[in-house]
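The sequence and structure come first.

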Amino acid sequence: MNTTRRIGLILLLIFLLPALFFSAYEITTLNRDEAAIKEIYEKQLEAILFSANQYSDDILNSWISKIEKGLIADDKEQGDATIKDLLVLNESIISLFTYDTLKKEANWLIPVDEDSVELKADMVFGEQQPLIRQLMIFEKSGFQKVEAIRLNTIDDYTALIFKPRNQPNIPVIVGLVIDPAFFIEDILGPKLQQIAQDKFAISAGRADVGRVVYATYDSSTQANIQEMMIKDLWLLPNYYLGIGTRGTSIESIIKERTTTNLYLILSLDVILILGVVLVFRNVKKEVQLAQNKSEFISNVSHEIRTPLALISMFAETLEMGRVPSEEKKNEYYSIISKETQRLTNIVNKILNFSQMDASKKELVFKPLNLSELVGEVLTTYEFHLQQQGFQLTTNLEDNIIINGDKEAMMEVMINLIDNAIKYSESEKQIEVRVSKAHNHALLSVKDSGIGIPKSIQKQIFEKFYRAPTGDLAKKQGTGLGLALVKQIVDLHRGKIEVQSDEGKGSTFIIQLPVS
């Protein structure tokens, strides 16, 4: 297993798989969490209804305290005034009476309007004798209980009966007759509005006929009220309290929360996967770069050793006077000069790349005529191309001005021409073009050489990269030429691309902004 695969496996085992297993576990628990959240919402709604019921009980207990205070007052007039004040302040109270359990007679402390309703003692207590005895027993045990009795009246009044405290020896039951609908609207309504605010919708009504008596919302927004939870109103038999959410149902809220959690988990997984992929790519790139550097050192050593060996050998031969003729001496001098130039080119290329890579080489930008610059380079290569049998074709449009560094752009051209010469075999044709398109200058160098495989065309611009196999690998080189070209083009805010097929040659196209 190579280094890159081993690193990929380590990243997979340490980072990716644990995260994916955790995500799978979290996704499987979403349904359970959804049920728990729904239960929490329902408990919250139940607590709100409990608060409303408790408030109504507290109101009733305050009324009972005032009634008891009025009944046991030493001054009868003052006691009656206390009770009358209670009725004046609370219009939902219709009447107040006491019932003698021995005489079975009712005494209406506050008269009832006989035209609107007839309330008689037997109407209230006719069939309630067991209930009355139970209230008496509770009071003797120190516990006061209130019972609600629906009255068979037109307005559906309710009688709330209780045994007064602090009167254990007096067989009297006290009753409050109230209008349930008015009590809910006048007494309970403000509290329901306070509880509901803008988050909930609360209603109260009669359960047997399904009639809403009071609601914290108006009829125009009723369509937006979602799934009411219904609970009995403790104080009033056959009445209920209902609560629901505004606009969005609990199920929708929970599903939205679940969907959000799912998206977050998947998003985190995607981010983690992308992170692992980026780390792997960077590590792979660094490993490849290290391998390329190692191969570069090997290639450069070979590239330098070969000309040095030739120079040393021919120089030694000349020095020892073993050359029989002047013609042979000139040949050896030519070889030494050629190899010296080759060695100089290698060293210069390495130095130029090193300076560019370390950002130590400062480029001097000024207006350049691209066609003239290219023509100047081609003039220096003219004799060399003719000697090696190359056919050069040029098409250079004039007056294409770019803003660039002359030496750097000449270095670009030299590297592209060198590559065209190096990688051409039987078909020795080179075509150089300079043109203009869409406010950009285009420089292209085309050869009819061995071509570049599609699989490595993106890698040939990486520093130290050399083709691992094939005809390209057989050619000598440092792996710096195209990397240096790309660096220079990037510094000129340009782009470089290659179009090539194996056995059909290559075309390098450089696009530069026009000055």
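Is Lys 285 buried or exposed? Lys 285 is exposed, because its relative accessible area is 53%, and exposed means over 50%, buried under 20% and partly exposed in between, with a 1.4 Å probe and protein chains only. The model is predicted, so local features need pLDDT of at least 70 and side-chain atom pairs count only at pLDDT 80 or more, while totals for chains, interfaces and linings use all residues. Residues are numbered from 1 along each chain as its sequence is written, and side-chain values use heavy atoms, with hydrogens and water left out.

**The positive patch**

Lys 285 sits in helix H7, which spans residues 250-319. Helices (H or I, at least four residues) and strands (E, at least two) are DSSP runs numbered from the N terminus. Together with Arg 281, Lys 284 and Lys 458, Lys 285 forms a positive surface patch. Patch members have over 30% relative accessible area and no salt bridge, and like charges are joined within 9 Å. A salt bridge here is a side-chain nitrogen of Lys or Arg within 4 Å of a carboxyl oxygen of Asp or Glu. Lys and Arg count as positive, whereas His and the chain ends are not counted. The charge is placed at NZ of Lys or CZ of Arg.

**Loop residues**

His 438 has a phi near 55°, a positive value in a residue other than glycine. For Asn 439, also a residue other than glycine, phi is positive as well, near 60°. Arg 493 belongs to the loop between helix H12 (481-491) and strand E15 (495-500).

| Residue | Relative accessible area | Class |
|---|---|---|
| His 438 | 76% | exposed |
| Asn 439 | 60% | exposed |
| Arg 493 | 69% | exposed |

**Overall totals**

The protein has 12 helices and 16 strands. Of its 515 residues, 40% are buried. The protein exposes about 29700 Å², of which carbon and sulfur atoms supply 51%; accessible areas come from the Shrake-Rupley method with a 1.4 Å probe. Among contacts (heavy atoms within 4.5 Å) with a separation of 6 or more, 66% are between residues 24 or more positions apart.

Notes: Patch = residues over 30% accessible without salt bridge, like charges linked within 9 Å, V, L, I, M, F, W, Y side chains within 5 Å.
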